[in-house]
Protein chains: 2
Amino acid sequence: MQISSRFTLAIHIFACIDTFGSEYKVTSDFLAGSTNVNPVIIRKILGQLKGAGLIEVARGTGGTTVTRPLDEITFLDIYNAVECVENGELFHFHENPSTNCPVGRNIHHILDDKLYRVQNALEKELACITLADIKRDTEKYLSEENR
Amino acid sequence: MQISSRFTLAIHIFACIDTFGSEYKVTSDFLAGSTNVNPVIIRKILGQLKGAGLIEVARGTGGTTVTRPLDEITFLDIYNAVECVENGELFHFHENPSTNCPVGRNIHHILDDKLYRVQNALEKELACITLADIKRDTEKYLSEENR
DNA sequence: ATCAGATGTAATAACCATAATTACATCAAA
DNA sequence: TTTGATGTAATTATGGTTATTACATCTGAT
(Lines give C-alpha, C1' and ligand atoms only; values in the text may rest on other atoms or scores of the structure.)
Protein backbone atom coordinates (compact mmCIF):
# COMPACT_ATOMS: atom_id res chain seq x y z
CA MET A 1 0.00 0.00 0.00
CA GLN A 2 1.09 3.52 -0.71
CA ILE A 3 1.79 6.17 1.88
CA SER A 4 -1.33 8.27 2.47
CA SER A 5 -1.83 11.39 0.39
CA ARG A 6 -2.05 13.26 3.68
CA PHE A 7 1.70 13.61 3.30
CA THR A 8 1.69 15.36 -0.10
CA LEU A 9 -1.36 17.33 1.02
CA ALA A 10 0.47 18.61 4.08
CA ILE A 11 3.38 19.82 1.96
CA HIS A 12 0.97 21.44 -0.50
CA ILE A 13 -0.60 23.20 2.47
CA PHE A 14 2.77 24.55 3.62
CA ALA A 15 3.54 25.73 0.10
CA CYS A 16 0.27 27.65 0.10
CA ILE A 17 0.95 29.22 3.47
CA ASP A 18 4.42 30.29 2.27
CA THR A 19 3.10 31.70 -0.96
CA PHE A 20 -0.16 33.33 0.07
CA GLY A 21 0.10 33.74 3.84
CA SER A 22 1.42 37.27 3.76
CA GLU A 23 -1.25 38.47 1.34
CA TYR A 24 -4.38 36.47 2.13
CA LYS A 25 -5.77 34.60 5.08
CA VAL A 26 -5.13 30.93 4.34
CA THR A 27 -8.31 29.09 5.37
CA SER A 28 -9.28 25.45 5.11
CA ASP A 29 -11.72 26.35 2.34
CA PHE A 30 -8.97 28.07 0.37
CA LEU A 31 -6.70 25.05 0.84
CA ALA A 32 -9.52 22.72 -0.14
CA GLY A 33 -9.81 24.67 -3.38
CA SER A 34 -6.11 24.59 -4.14
CA THR A 35 -5.71 20.89 -3.39
CA ASN A 36 -9.13 19.81 -4.63
CA VAL A 37 -9.74 17.93 -1.43
CA ASN A 38 -12.64 18.15 1.00
CA PRO A 39 -12.26 20.92 3.61
CA VAL A 40 -12.91 18.50 6.47
CA ILE A 41 -9.93 16.43 5.37
CA ILE A 42 -7.85 19.60 5.23
CA ARG A 43 -8.95 20.57 8.72
CA LYS A 44 -8.01 17.12 10.00
CA ILE A 45 -4.50 17.49 8.56
CA LEU A 46 -4.24 21.03 9.95
CA GLY A 47 -5.19 19.60 13.33
CA GLN A 48 -2.42 17.01 13.11
CA LEU A 49 0.15 19.62 12.07
CA LYS A 50 -1.02 21.84 14.90
CA GLY A 51 -0.78 18.92 17.33
CA ALA A 52 2.83 18.44 16.26
CA GLY A 53 3.51 22.12 16.93
CA LEU A 54 4.34 22.93 13.31
CA ILE A 55 1.56 25.47 12.70
CA GLU A 56 -0.94 27.56 14.53
CA VAL A 57 -4.54 27.77 13.43
CA ALA A 58 -6.65 30.76 14.46
CA ARG A 59 -10.05 29.75 15.77
CA GLY A 60 -12.94 32.05 14.99
CA THR A 61 -11.11 34.42 12.75
CA GLY A 62 -9.40 31.68 10.74
CA GLY A 63 -6.04 31.46 9.05
CA THR A 64 -2.87 29.46 9.48
CA THR A 65 0.71 30.38 10.33
CA VAL A 66 3.93 28.43 10.60
CA THR A 67 5.56 28.35 14.04
CA ARG A 68 9.20 27.72 13.14
CA PRO A 69 11.73 28.87 10.56
CA LEU A 70 11.15 26.86 7.40
CA ASP A 71 14.58 25.28 7.44
CA GLU A 72 13.77 23.79 10.83
CA ILE A 73 10.77 21.83 9.59
CA THR A 74 11.76 18.64 7.81
CA PHE A 75 9.74 16.22 5.71
CA LEU A 76 10.21 13.75 8.56
CA ASP A 77 8.48 16.12 10.99
CA ILE A 78 5.55 16.32 8.60
CA TYR A 79 5.55 12.59 7.87
CA ASN A 80 5.36 11.86 11.58
CA ALA A 81 2.76 14.53 12.19
CA VAL A 82 0.22 13.20 9.70
CA GLU A 83 0.67 9.58 10.80
CA CYS A 84 1.54 8.09 7.46
CA VAL A 85 2.09 4.60 8.90
CA GLU A 86 0.53 2.80 11.85
CA ASN A 87 2.58 2.76 15.08
CA GLY A 88 5.39 4.40 13.15
CA GLU A 89 6.14 1.04 11.51
CA LEU A 90 6.64 1.17 7.77
CA PHE A 91 6.26 -2.58 7.24
CA HIS A 92 3.18 -4.55 8.14
CA PHE A 93 4.49 -7.82 9.60
CA HIS A 94 2.21 -10.86 9.34
CA GLU A 95 0.65 -11.12 12.75
CA ASN A 96 0.98 -14.65 14.08
CA PRO A 97 3.86 -16.68 12.71
CA SER A 98 3.68 -20.20 14.09
CA THR A 99 5.58 -20.86 17.29
CA ASN A 100 5.66 -24.54 16.37
CA CYS A 101 7.93 -23.89 13.40
CA PRO A 102 11.59 -23.01 14.07
CA VAL A 103 11.51 -20.41 11.33
CA GLY A 104 8.14 -19.06 12.46
CA ARG A 105 9.26 -18.52 16.04
CA ASN A 106 12.50 -16.82 14.94
CA ILE A 107 11.37 -14.78 11.98
CA HIS A 108 11.19 -11.58 14.02
CA HIS A 109 14.73 -12.06 15.30
CA ILE A 110 15.86 -12.67 11.74
CA LEU A 111 14.01 -9.87 10.04
CA ASP A 112 13.31 -6.98 12.42
CA ASP A 113 16.77 -5.41 12.26
CA LYS A 114 16.72 -5.47 8.48
CA LEU A 115 13.31 -3.84 8.27
CA TYR A 116 14.57 -1.25 10.70
CA ARG A 117 17.55 -0.50 8.46
CA VAL A 118 15.24 0.12 5.51
CA GLN A 119 12.83 2.25 7.48
CA ASN A 120 15.75 4.20 8.83
CA ALA A 121 17.07 4.90 5.34
CA LEU A 122 13.67 6.30 4.40
CA GLU A 123 13.41 8.47 7.49
CA LYS A 124 16.96 9.72 7.18
CA GLU A 125 16.28 10.97 3.68
CA LEU A 126 13.01 12.54 4.82
CA ALA A 127 14.96 14.38 7.49
CA CYS A 128 17.29 15.88 4.86
CA ILE A 129 14.57 17.80 3.07
CA THR A 130 13.04 20.90 4.62
CA LEU A 131 10.29 23.38 3.89
CA ALA A 132 13.01 25.85 2.92
CA ASP A 133 13.60 23.63 -0.12
CA ILE A 134 9.90 23.75 -0.90
CA LYS A 135 9.83 27.53 -0.56
CA ARG A 136 12.84 27.95 -2.85
CA ASP A 137 11.42 25.72 -5.56
CA THR A 138 7.93 27.13 -5.27
CA GLU A 139 9.30 30.62 -5.87
CA LYS A 140 11.37 29.32 -8.73
CA TYR A 141 8.50 27.65 -10.59
CA LEU A 142 6.04 30.46 -9.94
CA SER A 143 8.49 33.06 -11.24
CA GLU A 144 9.13 30.94 -14.34
CA GLU A 145 5.39 31.11 -15.02
CA ASN A 146 5.56 34.92 -15.17
CA ARG A 147 8.20 35.32 -17.81
CA MET B 1 -0.60 3.04 5.14
CA GLN B 2 1.89 0.33 5.82
CA ILE B 3 3.62 -1.79 3.22
CA SER B 4 1.69 -5.02 2.68
CA SER B 5 2.61 -8.04 4.78
CA ARG B 6 3.15 -9.86 1.48
CA PHE B 7 6.70 -8.54 1.80
CA THR B 8 7.51 -10.09 5.19
CA LEU B 9 5.58 -13.20 4.15
CA ALA B 10 7.73 -13.59 1.04
CA ILE B 11 10.91 -13.41 3.09
CA HIS B 12 9.50 -15.88 5.61
CA ILE B 13 8.78 -18.18 2.66
CA PHE B 14 12.37 -17.96 1.44
CA ALA B 15 13.65 -18.65 4.96
CA CYS B 16 11.54 -21.80 5.02
CA ILE B 17 12.76 -22.96 1.62
CA ASP B 18 16.36 -22.40 2.76
CA THR B 19 15.85 -24.22 6.01
CA PHE B 20 13.59 -27.11 5.05
CA GLY B 21 13.91 -27.39 1.27
CA SER B 22 16.64 -30.00 1.32
CA GLU B 23 14.81 -32.21 3.80
CA TYR B 24 11.12 -31.78 3.09
CA LYS B 25 8.99 -30.73 0.17
CA VAL B 26 7.99 -27.14 0.93
CA THR B 27 4.31 -26.85 -0.04
CA SER B 28 1.86 -23.99 0.25
CA ASP B 29 0.13 -25.84 3.07
CA PHE B 30 3.38 -26.19 4.97
CA LEU B 31 4.12 -22.48 4.45
CA ALA B 32 0.59 -21.60 5.50
CA GLY B 33 1.24 -23.43 8.75
CA SER B 34 4.56 -21.74 9.41
CA THR B 35 3.29 -18.25 8.65
CA ASN B 36 -0.23 -18.75 9.98
CA VAL B 37 -1.67 -17.34 6.79
CA ASN B 38 -4.22 -18.85 4.45
CA PRO B 39 -2.74 -21.20 1.82
CA VAL B 40 -4.45 -19.34 -1.03
CA ILE B 41 -2.64 -16.16 -0.01
CA ILE B 42 0.62 -18.11 0.09
CA ARG B 43 -0.02 -19.49 -3.37
CA LYS B 44 -0.70 -15.99 -4.68
CA ILE B 45 2.64 -14.78 -3.33
CA LEU B 46 4.38 -17.88 -4.72
CA GLY B 47 2.83 -17.02 -8.08
CA GLN B 48 4.22 -13.48 -7.91
CA LEU B 49 7.68 -14.72 -6.94
CA LYS B 50 7.54 -17.25 -9.75
CA GLY B 51 6.43 -14.53 -12.18
CA ALA B 52 9.50 -12.53 -11.20
CA GLY B 53 11.69 -15.56 -11.88
CA LEU B 54 12.86 -15.91 -8.29
CA ILE B 55 11.47 -19.38 -7.61
CA GLU B 56 10.09 -22.39 -9.39
CA VAL B 57 6.98 -24.14 -8.19
CA ALA B 58 6.36 -27.76 -9.16
CA ARG B 59 2.84 -28.34 -10.41
CA GLY B 60 1.28 -31.64 -9.58
CA THR B 61 3.98 -32.98 -7.35
CA GLY B 62 4.34 -29.76 -5.37
CA GLY B 63 7.30 -28.07 -3.76
CA THR B 64 9.28 -24.89 -4.28
CA THR B 65 12.89 -24.17 -5.23
CA VAL B 66 14.93 -21.02 -5.56
CA THR B 67 16.29 -20.26 -9.05
CA ARG B 68 19.31 -18.12 -8.23
CA PRO B 69 22.16 -18.04 -5.71
CA LEU B 70 20.82 -16.45 -2.54
CA ASP B 71 23.25 -13.55 -2.64
CA GLU B 72 21.81 -12.58 -6.02
CA ILE B 73 18.29 -12.10 -4.72
CA THR B 74 17.83 -8.77 -2.97
CA PHE B 75 15.01 -7.45 -0.81
CA LEU B 76 14.31 -5.05 -3.66
CA ASP B 77 13.72 -7.96 -6.06
CA ILE B 78 11.21 -9.38 -3.61
CA TYR B 79 9.63 -6.00 -2.87
CA ASN B 80 9.05 -5.45 -6.56
CA ALA B 81 7.85 -8.99 -7.14
CA VAL B 82 5.05 -8.85 -4.58
CA GLU B 83 3.87 -5.41 -5.68
CA CYS B 84 4.09 -3.64 -2.35
CA VAL B 85 3.04 -0.27 -3.80
CA GLU B 86 0.79 0.68 -6.70
CA ASN B 87 2.56 1.57 -9.98
CA GLY B 88 5.85 1.32 -8.11
CA GLU B 89 5.12 4.68 -6.47
CA LEU B 90 5.70 4.81 -2.75
CA PHE B 91 3.76 8.02 -2.18
CA HIS B 92 0.11 8.48 -3.01
CA PHE B 93 -0.14 11.98 -4.46
CA HIS B 94 -3.50 13.76 -4.14
CA GLU B 95 -5.11 13.29 -7.51
CA ASN B 96 -6.36 16.63 -8.80
CA PRO B 97 -4.60 19.71 -7.47
CA SER B 98 -6.32 22.81 -8.81
CA THR B 99 -4.97 24.22 -12.05
CA ASN B 100 -6.47 27.59 -11.09
CA CYS B 101 -4.07 27.98 -8.18
CA PRO B 102 -0.42 28.77 -8.93
CA VAL B 103 0.70 26.39 -6.22
CA GLY B 104 -1.78 23.72 -7.30
CA ARG B 105 -0.62 23.70 -10.89
CA ASN B 106 3.07 23.57 -9.89
CA ILE B 107 3.00 21.23 -6.92
CA HIS B 108 4.16 18.27 -8.98
CA HIS B 109 7.12 20.24 -10.33
CA ILE B 110 7.96 21.28 -6.80
CA LEU B 111 7.55 17.94 -5.08
CA ASP B 112 8.11 15.04 -7.48
CA ASP B 113 11.92 15.11 -7.41
CA LYS B 114 11.93 15.14 -3.62
CA LEU B 115 9.56 12.22 -3.34
CA TYR B 116 11.76 10.39 -5.82
CA ARG B 117 14.81 11.01 -3.65
CA VAL B 118 13.07 9.47 -0.65
CA GLN B 119 11.75 6.49 -2.59
CA ASN B 120 15.20 5.98 -4.01
CA ALA B 121 16.77 5.93 -0.56
CA LEU B 122 14.32 3.21 0.45
CA GLU B 123 14.95 1.12 -2.64
CA LYS B 124 18.69 1.52 -2.42
CA GLU B 125 18.69 0.12 1.10
CA LEU B 126 16.38 -2.72 0.03
CA ALA B 127 18.88 -3.56 -2.69
CA CYS B 128 21.69 -3.87 -0.12
CA ILE B 129 20.09 -6.78 1.73
CA THR B 130 20.01 -10.24 0.20
CA LEU B 131 18.64 -13.65 1.00
CA ALA B 132 22.17 -14.71 1.91
CA ASP B 133 21.81 -12.41 4.93
CA ILE B 134 18.55 -14.11 5.78
CA LYS B 135 20.10 -17.55 5.45
CA ARG B 136 23.03 -16.60 7.67
CA ASP B 137 20.85 -15.17 10.42
CA THR B 138 18.31 -17.97 10.21
CA GLU B 139 21.05 -20.52 10.77
CA LYS B 140 22.43 -18.42 13.59
CA TYR B 141 19.16 -18.14 15.51
CA LEU B 142 18.14 -21.75 14.92
CA SER B 143 21.49 -23.02 16.17
CA GLU B 144 21.21 -20.79 19.24
CA GLU B 145 17.93 -22.56 20.01
CA ASN B 146 19.74 -25.91 20.17
CA ARG B 147 22.34 -25.10 22.75
C1' DA C 1 -24.90 41.82 21.72
C1' DT C 2 -25.18 39.84 17.61
C1' DC C 3 -23.68 38.49 13.20
C1' DA C 4 -20.58 36.48 9.84
C1' DG C 5 -17.13 33.63 8.77
C1' DA C 6 -14.14 30.37 10.37
C1' DT C 7 -12.54 26.06 12.99
C1' DG C 8 -13.35 21.48 15.41
C1' DT C 9 -15.49 17.29 15.20
C1' DA C 10 -18.99 13.58 15.04
C1' DA C 11 -21.40 10.57 12.07
C1' DT C 12 -22.20 8.29 7.79
C1' DA C 13 -21.16 6.45 3.44
C1' DA C 14 -18.46 5.03 -0.73
C1' DC C 15 -14.41 3.04 -2.22
C1' DC C 16 -10.53 0.11 -2.36
C1' DA C 17 -6.82 -3.09 -0.89
C1' DT C 18 -6.00 -6.78 2.26
C1' DA C 19 -6.77 -11.18 3.86
C1' DA C 20 -9.66 -15.40 4.74
C1' DT C 21 -12.33 -18.88 2.88
C1' DT C 22 -14.72 -22.22 -0.14
C1' DA C 23 -14.72 -24.58 -4.25
C1' DC C 24 -12.99 -26.72 -8.07
C1' DA C 25 -10.23 -27.44 -12.35
C1' DT C 26 -5.71 -28.98 -13.44
C1' DC C 27 -1.44 -31.23 -13.08
C1' DA C 28 2.11 -35.04 -12.42
C1' DA C 29 4.20 -38.79 -10.02
C1' DA C 30 3.36 -43.23 -8.00
C1' DT D 1 -6.33 -44.03 -11.90
C1' DT D 2 -5.52 -42.40 -7.52
C1' DT D 3 -3.37 -39.05 -4.60
C1' DG D 4 -1.71 -34.85 -3.25
C1' DA D 5 -0.44 -30.66 -4.86
C1' DT D 6 -0.96 -26.07 -7.56
C1' DG D 7 -3.75 -22.35 -9.94
C1' DT D 8 -7.51 -19.52 -9.70
C1' DA D 9 -12.28 -17.74 -9.47
C1' DA D 10 -15.75 -16.07 -6.42
C1' DT D 11 -17.37 -14.39 -2.06
C1' DT D 12 -16.96 -12.27 2.25
C1' DA D 13 -15.10 -9.54 6.24
C1' DT D 14 -12.21 -6.04 7.77
C1' DG D 15 -10.02 -1.67 7.96
C1' DG D 16 -8.03 2.69 6.25
C1' DT D 17 -8.95 6.51 3.09
C1' DT D 18 -11.56 10.11 1.47
C1' DA D 19 -15.98 12.65 0.79
C1' DT D 20 -19.86 14.64 2.76
C1' DT D 21 -23.38 16.57 5.87
C1' DA D 22 -24.34 18.68 10.00
C1' DC D 23 -23.61 21.36 13.79
C1' DA D 24 -21.33 23.22 18.00
C1' DT D 25 -17.97 26.60 18.99
C1' DC D 26 -15.07 30.47 18.56
C1' DT D 27 -13.73 35.43 17.56
C1' DG D 28 -13.39 39.82 15.26
C1' DA D 29 -16.26 43.33 13.30
C1' DT D 30 -20.37 45.92 13.12
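How many residues of chain B are in contact with chain A? In this predicted model, 53 residues of chain B are in contact with 53 residues of chain A, two residues being in contact if their C-beta atoms, placed from the backbone, lie within 7 Å. On the chain B side, α1 (6-20), α2, α5 (102-128) and α6 (131-145) each supply at least two residues; helices here are DSSP runs (H or I, at least four residues), numbered from the N terminus. The largest share, 15 residues, comes from α5(B). By class, this side of chain B has 27 nonpolar, 18 polar and eight charged residues, where Ala, Val, Leu, Ile, Met, Phe, Trp, Tyr, Cys and Pro count as nonpolar, Asp, Glu, Lys and Arg as charged, and the others, Gly among them, as polar.

A look at the symmetry comes next. Chain B is superposed on chain A by a rotation of 180° with 0.0 Å of shift along its axis, at an RMSD of 0.1 Å. That is the relation of a two-fold axis. The same surface serves both copies, since 100% of the contact residues of chain B recur in chain A. Among the residues of chain B, B:L122 comes closest to the rotation axis, with its C-alpha at 2.5 Å.

Helix α5 of chain B also holds B:N120. This residue counts as partly exposed because it has 13 C-beta neighbours inside 10 Å; the cut-offs are 20 or more other C-beta atoms for buried and 12 or fewer for exposed, with partly exposed in between.

DNA strand D is surrounded by 24 residues, the closest being A:S5, A:V40, A:G60, B:S28 and B:G62; a residue is near a strand if its C-beta atom, placed from the backbone, lies within 6 Å of it. The largest share of this surface, five residues, comes from α3(B). For DNA strand C, 24 residues lie around it, and A:S28, A:G62, B:S5, B:V40 and B:G60 come nearest. Here α3(A) gives the largest share, five residues. The surface near DNA strand C divides into seven nonpolar, 11 polar and six charged residues.

Residues are numbered from 1 along each chain as its sequence is written, while chains are lettered from A and ligands numbered from 1 in the order in which they are written. Local features need pLDDT of at least 70 and side-chain atom pairs count only at pLDDT 80 or more, whereas totals for chains, interfaces and linings use all residues.

Terms used:
Copies are superposed by least squares on the C-alpha atoms of residues with pLDDT of at least 70 in both.
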